[in-house]
Amino acid sequence: VLMKKSGNKNYKRLAEANMQKRLAELDKEYVLVEEEVRDDADSLNVDDFVNHEFNFLDRDFPVFGMRQNRNEVLMGMLKDGADHELLPGYLKEVDVEDLSAYNFKIFAATYFVRNNNPQFSKKPLKESLLELPTPDDVIAAQAIWITILRFMGDLPEPKYETSVEKGENVLNRLNETISRGFANRKEFKEIVLQEKRQSSSKVDRVKLINMTLKRKTKLLDDLRRGMVEDNSSTEYYAEWLNSRRTTNIEKLHFIIGHGILRSELRDEIFCQICKQLTNNPTKPSHARGWILLSLCLGCFSPSERFVTYLRSFIRDGPPGYAPYCEGRLYRTFRNGLRSQPPSWLELQATKNKDAINLKVSFMDDEVRTIEVDSASTSAEVCHKIALSINLRDAFGFSLLISLGDMVMSLGSGADHVMDAISQCEQYAKEQGCPERAASWNLIYRKEIFTPWHDPGEDPVSTDLIYHQVVRGLKYGEYRCNTEGDVAALVAQQYFIDNGTEMNQKILHTRLGEYLPGYLLKQGENVEHWERNIIDAFGKSVCVKQRYPVIKVKCDIVRYTKAVWPMLFSRFFEAIQISGPELPKNKMIIAVNWTGVYMIDDQEQILLELPFVEIVYVGYEEAQGTNLHKFTLKTIRKEDFVFRCPDAANLNKLIVYLLDGLKSRSTYCVVIEDYKHPGEAASFLVLKKGELVILKDGTTGESLMTSTWGYGECNGRLGDFPTEVVQLLPVIEEPSEDVIATFKKDGAFAVQEQAPQTMSTVQRMKVHTLALYADEHFRIGKKSTVKQTSLLTAAKRGSHEELWKFTNQPILQPLLRQLTSNEEASRDACKAFNAILKYMGDIPAPKPKMSNEFTDEIFSAALSNDLLRDEVYCQIMRQLTYNRLARSEEHGWELMYFATGLFVGSTSLNTELNKFLKSRSHPFVEPCLSRLQKTEKVGPRRYPPYTIEVDAIQHRSMEIYHKIYFPDDTDEAVEIDSLTKAGDICSVLASRLQLISSDGFSLFVMIGDKVFSIPQDTFFFDFLHELIAWMRQTTPSWNSAAPIQAQYQVFFMKKLWVNTVPGRDRNADQIFHYHQELPKYLRGFHKTSKQDAIKLAALIYRTKFGDQFSQLAQLNANLLNELVPSYIIKVNSSSQWKKDIIAAYQNDGTMSAEDAKGKFLETIYHWPTFGSTFFEVKQTVDRTYPEIVTVAINKNGVNIMHPQTKDILVTHDFSELNNWSSGNTYFHLTIGNMMRPTKFLCETSQGYKMDDLLTSYTEYLRSKET
């Protein structure tokens, strides 16, 4: 056109030439591109592309800017429809309803906040899409949004990486972050409380909704502006978004982890993904979004509000992925929430819409591949395995997963198999390995037998168990009691493998395969074992009678079941909360074919209960905790109640075994006397407690559906009505002891008690504060009640009954004597308000700490005697005619706390005892007992500590606390509200068989500080005071988010009085040696070279015993563990090695225990033995060095030279006038008032020096008196 306008006559010819030239260039470019595409196509399939695109494990960061052909491959994944059924059974069960009305845009218009639109966007969210309950959730939602954008490739990673934590478990970190919620902030609580105090009328409710929304929005804005300062969550999210470059699998764990841990965020996550998939212009981003959606669907499901909209959205998605995603949603709904994010295996399967193929190992070395999906449970996998191998008797076979030397049972229940695999992969990553390299192994094996197990019924089952036993015997898992049993089992195994002819050469060759490794070491005893096996083979019945192989295997399985019942058990962790006292309350409940066992952590059996002694089991799900209640009752009228995280499965297993035994049983016991009215001879005459044996093929199963039974009793046969007997869950005849128990009165009265409901008559018998209130309570406010009768209509005035339950706060105290005291009145009203909150009678935000409300209730009463009666009256009031079961339970918890804190006045105490004794609640007896003990030992100083509150809220009246010792051992000691430190010391001294507890003390280590607990102080009072002091003095503890104190309690020697090595051997071995050794190695004692050599040899012997190899290769590190650092330089390393070896050899065959005693005997003669050392800075006495060492021991205060270790001066305790300490100093006055000598030093350990001097002087003073 331009050439034509310019007047060029040859414009057509020139234009044609230019076009041909350009076409030739394009042809060349096209050929090059086509070759490139062809090369890619030859080597690129869907799996290769997605591995490259996502590269979950091999690369750290995603690649942006892919070529067009790769986008087409990715989009092809979504376009290709599936011809086969993706999830078996799903297409048959899922409904095909019309969901067109449930459009995602309609949901967004209804529920999205701040006019958020449902369209794709790359901009950060200023607000969450949905209304979320806490500000923390909003911040999390914003972080999830950014992570989703980065996962989908719509947002780049941070430009610079400043924080990299190798092997960090994202889910664990999320759990820690989410647990610190903004809902605990003071401002949030005040707003929520203010909302809940509004009027409840219809009009006001509408106003309240509007006000609530406004206030919540305002609060979130305030948080964003920094008005509420709490960085517990924002710091983590800021680091995640701005300082870390994350892999795609880490992003997935972050996104899905929030959905798993926080149910309130699940709809938010789904909405964010759906928003990014709506009108997404970028093909790779669109594909990644669908893969992300499918992964989320496999781990958690949306709420009922959103699920229909999500299903509609999925059905409108890509034809190749929509059915797959909806199938995953269906499976997740059916099998429940996952507990772990997707594993690497799931990611590979999801990318290609494939099923997951797991290899499962069997005990016969066979490996089978089982197809599963993200929602598959162990029950489903076990069922598939049973079908694939034609296993009929599948009960007791379970799935286990092993990783290295760790093994975890998945059972055959509702546990998700992929959760276990995900845990293994996360563990591998924490150890520095990639997820795909996690060497886990799934194993299918027998875990438990039924009492009625018959190996002859299912040869497949018997063969699997046989191979499991052979393998376990070989590797020491199963051990026989005698050599004869080992030889017999090996002989049977030889018979199975080689037939009836014994070939000694074959036996000799394969002896290593048959005989357990621990019995055959380096060719020892080979001939002995060969003789035993050949002898057992010759005597074997199976050889003589030429048994079929399967029958021999049956014999081995029967032997296994009879000899190793505990090794074929299912184990459940549990805590006993009530019932007959057992040696320990934390235990393992083992269930096997012989019964139920309670076992401690040392594998000692605490209690054994055969099934015949169990009359009832039941469980009750707990709200807000995974420790559910499990109840077991016995024929001896024993009621055991446990807390167990797997109570449902434990209950299900025992019920299954009990029911199975009863249906097969031929034994029953008479529960009431029976005699036929006509005294016919064909009927049995029965007495309560007698045993009836069923005859003529009658079993428990037929008896349960019949009116009459036929059996034998006392040698007579006859009929009897089934209603007068009770089936016994046994296969064999029960023992005489069991039958004798049934004959006792009340043996059949054990029944599950229904919740008690009081009748009017019962209520009249309950003691109340009505009469006490008339004399001591203020007059209640007057109320007017209109009464109408047939004859008259009148108004009757009455006063509020202050002794009855109410859900209204009070404006004045109950007791008349407090009304004149303004401060006491204010504290009383505050306490009652806290009682209402604790009992749930008025709305209140969740407390930051479990003891927040109890602190408000009891703090003032502990410091004011008048308020003690008031608090007791308030609690009794709330327990009088309280028709709310949950509220009443919390009220009894408060009564339990109060009785362990203080007692009231004499008159109130009388009322309290009457009140408690007239009730039938399980807390009555414990409260009466605590009240009596409190009267004896005196009141507490502080309200219940967190541990006490948590324990009683979980219905555990026993609190066990771990106490650590210097030798790295520990003991769990039971501690109650009124346990003092001295009581614990006495218990531990007795348990450790110490001669005396003199000089021993409890120490609490928190952070870098160690505090000694005074002997006469209540243990929990000290913890309460210590934590309160730490919160005041440590800035980080004063943040809005509560911080759980991490502390440890130690039992150690504090005052080294009357300490002579050898006098108390246990004290020497556990305490004296391990406390003195670190002081010696740090160089606080003055020692000679010869003593150092001698002590080094003794220290080495305590560490290594008779193992000389380490000493022969003595290096610098080991030398520092044997010799004080300040004296090492006096000799060369080779000379030290030579001298220490000589001293070691000179000691002969001394034991490690004797070496410890010899060490103590050596240093006992030093003047600094048993000292506590403090390095301080002093400027008072110029004759002393600026830095000196202060050693406090039984001799007094010693001031030492830090280099020469010489004692410069010793001040006896009698010379000490007074002392004081602060955070940075310690001040000591020596001598009388007329001529005092002052010693002032700088140290951060002043509080320890102060406490130690006080303890020594008090001890010496007590001994003088």
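**Close-up views of a predicted model**

**View 1. Surroundings of Leu-391.** Leaving aside neighbours within four places in sequence, Leu-391 is in contact with Ala-386, Phe-397, Tyr-444, Asp-458, Val-460 and Ser-461. The model shown here and in the other views is predicted. Leu-391 sits in the loop between α18 (378–388) and β3 (397–403). With a relative accessibility of 7%, Leu-391 counts as buried, because buried means under 20% relative accessible area. One of its contacts, Ser-461, is 70 residues away in sequence, yet the C-alpha atoms of Leu-391 and Ser-461 are 6.2 Å apart in space.

**View 2. Packing of helices α32 and α33.** Two packed helices are described by the angle between their axes and the distance between the axes. Helix α32 (residues 852–863) packs against helix α33 (residues 865–878) at an angle of about 145°, and their axes are 6 Å apart. On the α32 side, the residues that meet α33 are Ile-857, Phe-858, Ala-860, Ala-861, Leu-862 and Ser-863. On the α33 side, they are Asp-865, Leu-867, Arg-868, Val-871 and Ile-875. Sorted by class, the residues of this contact are eight nonpolar, one polar and two charged.

**View 3. An open sheet of seven strands.** The strands are arranged in the order β28-β27-β26-β25-β31-β30-β29, and their pairing is antiparallel. At the edges are β28 (1207–1211) and β29 (1216–1221), each of which pairs on one side only. Direction ignored, neighbouring strands of the sheet are turned by 30° against each other on average. Within the sheet, β26 (residues 1187–1193) and β27 (residues 1196–1200) run antiparallel and are joined by five bridges. Val-1190 has Ile-1199 in β27 as its bridge partner. Helix α47 lies across β25, β26, β27, β29 and β30 (1225–1230); the helix runs at about 145° to β29.

**View 4. The second largest pocket.** This pocket holds about 1,700 Å³ of space. It is lined by 49 residues, and the closest to its centre are Phe-1003, Ser-1012, Lys-1054, Asp-1251 and Leu-1252. Elements that give two or more residues to the lining are the strands β22 (1000–1006), β23 (1009–1013), β24 (1047–1053) and β25 (1172–1178), together with the helices α39 (1019–1033), α40 (1065–1081) and α47 (1246–1264). Which element gives the largest share of the lining? Helix α47 does, with 10 residues. By class, the lining has 23 nonpolar, 14 polar and 12 charged residues.

Key:
Residues are numbered from 1 along each chain as its sequence is written. This is a predicted model: local features need pLDDT of at least 70, side-chain atom pairs count only at pLDDT 80 or more; totals for chains, interfaces and linings use all residues. Side-chain values use heavy atoms; hydrogens and water are left out. On a 1 Å grid over the protein atoms alone, a cavity is a set of points where a 1.4 Å probe fits but cannot get out, and a pocket is an open set with protein on both sides within 12 Å along at least five of seven lines; lining residues have an atom within 4 Å of a point. Grid points are joined across faces, edges and corners, and a volume is the space filled by probe spheres set on the points. Helices (H or I, at least four residues) and strands (E, at least two) are DSSP runs, numbered from the N terminus. Ala, Val, Leu, Ile, Met, Phe, Trp, Tyr, Cys and Pro count as nonpolar, Asp, Glu, Lys and Arg as charged, and the others, Gly among them, as polar. Axes are lines fitted to C-alpha atoms, for helices over the stretch in contact, and angles run from 0 to 180 degrees between N-to-C directions. Contact means heavy atoms within 4.5 Å. Two strands pair if DSSP finds at least two bridges between them. Buried means under 20% relative accessible area, exposed over 50%, partly exposed in between (1.4 Å probe, protein chains only).
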